[in-house]
Every structure is written in structure tokens, then in C-alpha cells.
Amino acid sequence: MRTPIIAGNWKMYKTVAEATALVEALLPQLQPLNSVQRVLCPPFTALATVARLVQGSGIGAGAQNMSWEKEGAFTGEISPLMIKELAQYVIIGHSERRQFFGETDETVNRKVHAALAYGLTPIVAVGENLAQNEAGETVAFVSGQVRRGLAGLTPQQAQGLIVAYEPIWAIGTGRAATGDDANRIIGRAVRDTLAEMFGRAVADAIRIQYGGSVKPGNIAEFVAQPEIDGALVGGASLKADDFAAIVRQTAEAKRKA
Ligand code: PGA
């Protein structure tokens, strides 16, 4: 039985003051829901504040990106060593980073190796665009992203990571995938690929999230699916009541399962 994990990807939203207010509103609602792993991923500028506020609450903190280098003359970059002081998780290869900041499966792979080397849990994001989806290329494309992004890991390393399947056409659009479609793609493109790479037992232990327009009104449909172990939530993670409702329904679904 995989523990469900709900992570909030705040993207480039929330000043330190706003982040503080959001965490203060979230804490009393999220803290009792400890059958679900809860992770907040604020922008770098708010990471230290959020990490301090959630300390001892059972809620984790994560970064949204990082360099694969430990330190050096890399202006504007943040290293795994620096994140490790504050957080336990790091989102790697989000589609917005691939789309706007030139990230590739190769850079994703370097970052995944670096995150694991520093004891961070990577949340590795994969997903097809609308054209690929409509052309019926989803399984082949997503499987390739998994294969290249996670190349060279040992089964033991792979066991600790998290994969987020986020169809690009569903991100921020209000048009989520259906639970059935997400379950099918996650099973065939992600979990089966993980099984080919690392063995079935390891693949069965890896948590795989769905992401893309997740909200309180549709989370139940996703977490009821056998292959889906939680969600990576963007827009709805910026509102305390919505994010808490998503975690609450995930806990409820787990209780019924
Ligand atoms: P969304 O974003 O929930 O706003 O669609 C999800 C994500 O980009 O991780």
C-alpha cells in the first residue's frame, strides 16, 4: 500500500508575507490529515520561511527546481546542498521549465541524480502536449521521458522518488484529464516503464501523482484510481481551503480503500 502524497506547486506566486499567511491558514487544517503525505513547494525566496513554519508539523517542504551542481560560479542558480538545509523534496522537469527554460530529459536526469545524491526526494514531472495527445503518441512519449529522465539510477534509488504525470494541456486550463485516462497512462507509460527499468516490485513501490487542473471537485476521481497515488496541485494549492479540501478528500478516499 503506497502512502498518498499531495504536493502544492506554488509556481511564481506568493511573497514571503503571503506565503506566511497561507501556511498559517493551512497548518490547522492539514496537520490532522497525517494519513496523507503533504508537501508545500513555494518559490525559493519563501522556502526558508515556509520550512520554518512547517517544522515539526509533519508537513514537508520542497523546491520547484535546482541546479545539478553542488556550488560554483553559476549566477542565479540554487544547489541541492542549499535546498537540503531547508527542504526534503524538489520538483524536477516541470513542463513549464521544459517549455520556457530549456530543460531537457538530459538536464532532468542530471538533476535527479544530484537530488538523490544529496538525500532529496525528487518529484519528476512528465507529460505530453495536446498535439502529441491528439496524435495518439502519449504512451510512447511519456514512456520515453521516464526512461531518459531516470536513466542510470539503481533500483534502490528509484524506489525513493516520485513521478508526477501532468498532461501539458491540462495544466492551468481547467480541463483535467479523466480519472480513467490518467490511470491508464500512468499504468502503461509510467509504471510499466518503471517496471522494465527497475523491476516490478520497485515499480509497484514508487508513488505516481496526477497533475493538471486538480481541484476539490475532481480529486476524488483521481485518488480512487489504483495507479494514482496523489496529486501535484498548482492553482488550487494557492488557496488554503481548496488545498486542504484536496488533502482531506485524499485521506477520505484512503480510509475507504
Ligand atoms: P494546475 O498546475 O493545478 O494549476 O493545473 C499543476 C502543475 O503545473 O503542477
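Okay, hi everyone. Before we start, please keep in mind that this is a predicted model. I'll begin with the ligand, then go to the pocket, and then take some residues in turn.

So, the ligand. How many residues surround the ligand? There are 13, and the closest are Lys11, His94, Glu166, Gly172 and Ser213. If you have the structure open, find those five names and you'll have found the site. What sort of residues make up that shell? They divide into four nonpolar, seven polar and two charged.

Now let's look at some individual contacts. Ser213 uses a polar backbone atom here, and that atom is 2.7 Å from an oxygen atom of the ligand. Gly235 also comes in with its backbone: an N or O atom there lies 2.8 Å from a ligand oxygen. With Asn9 we switch to the side chain, where a polar atom sits 3.5 Å from an oxygen atom of the ligand. And how much of the ligand does the protein bury? On its own, the ligand exposes 280 Å², and the protein buries 95% of that.

Next up, the largest pocket. Its volume is about 510 Å³. The lining is made of 17 residues, and the ones nearest the centre are Lys11, Met12, Gln64, Arg97 and Phe101. Which elements give two or more residues to that lining? Those are α2, residues 44-54, and α4, residues 95-100. Helix α4 gives the most, with four residues. By type, the lining splits into eight nonpolar, six polar and three charged residues.

Is Lys11 buried or exposed? It's buried, because its relative accessible area is 19% and the cut-off for buried is under 20%.

There's something else about Lys11, and it has to do with the backbone. Most residues other than glycine have a negative phi. Lys11 isn't a glycine, yet its phi is positive, at about 50 degrees. Lys14 does this as well: it has a positive phi of about 85 degrees, and it isn't a glycine either. You'll find Lys14 in the loop between β1 and α1. Lys14 counts as partly exposed, because its relative accessible area of 24% falls between the cut-offs of 20% and 50%.

Let's move on to two side-chain contacts. Asn65 is in the loop between β3, residues 60-63, and α3, residues 80-84. At 10% relative accessibility, Asn65 is buried. What does the side chain of Asn65 contact? It makes a polar contact of 2.8 Å with the side chain of Lys111. The second example is Ser143, in helix α7, which covers residues 138-149. Ser143 is buried too, at 13% relative accessibility. The partner of Ser143 is Thr193: their side chains make a polar contact at 2.9 Å.

Stay on helix α7 for a second, as Arg148 is found there too. Why is Arg148 called partly exposed? Because its relative accessibility is 38%, and that lies between 20% and 50%.

Two more distances and I'm done. Lys215 lies in the loop between β7, residues 207-211, and α11, residues 219-223. Lys215 is partly exposed, at 36% relative accessibility. Its C-alpha atom is 8.7 Å from that of Ser237, which is 22 residues away along the chain. Then there's Glu134, in helix α6, residues 130-134. Is Glu134 buried or exposed? Exposed, because its 63% relative accessibility is over the 50% cut-off. From Glu134 to Lys70 is 64 residues along the chain, and their C-alpha atoms are separated by 40 Å.

Note on methods
Residues are numbered from 1 along each chain as its sequence is written. This is a predicted model: local features need pLDDT of at least 70, side-chain atom pairs count only at pLDDT 80 or more; totals for chains, interfaces and linings use all residues. Side-chain values use heavy atoms; hydrogens and water are left out. A residue is near a molecule or strand if one of its heavy atoms lies within 4 Å of it. A polar contact is a pair of N or O atoms within 3.5 Å; within protein, one must be able to donate a hydrogen and the other to accept it, and residues adjacent in sequence count only if both atoms are side-chain atoms. Accessible areas come from the Shrake-Rupley method with a 1.4 Å probe; for residues, only the protein chains shown count as cover. Ala, Val, Leu, Ile, Met, Phe, Trp, Tyr, Cys and Pro count as nonpolar, Asp, Glu, Lys and Arg as charged, and the others, Gly among them, as polar. On a 1 Å grid over the protein atoms alone, a cavity is a set of points where a 1.4 Å probe fits but cannot get out, and a pocket is an open set with protein on both sides within 12 Å along at least five of seven lines; lining residues have an atom within 4 Å of a point. Grid points are joined across faces, edges and corners, and a volume is the space filled by probe spheres set on the points. Buried means under 20% relative accessible area, exposed over 50%, partly exposed in between (1.4 Å probe, protein chains only).
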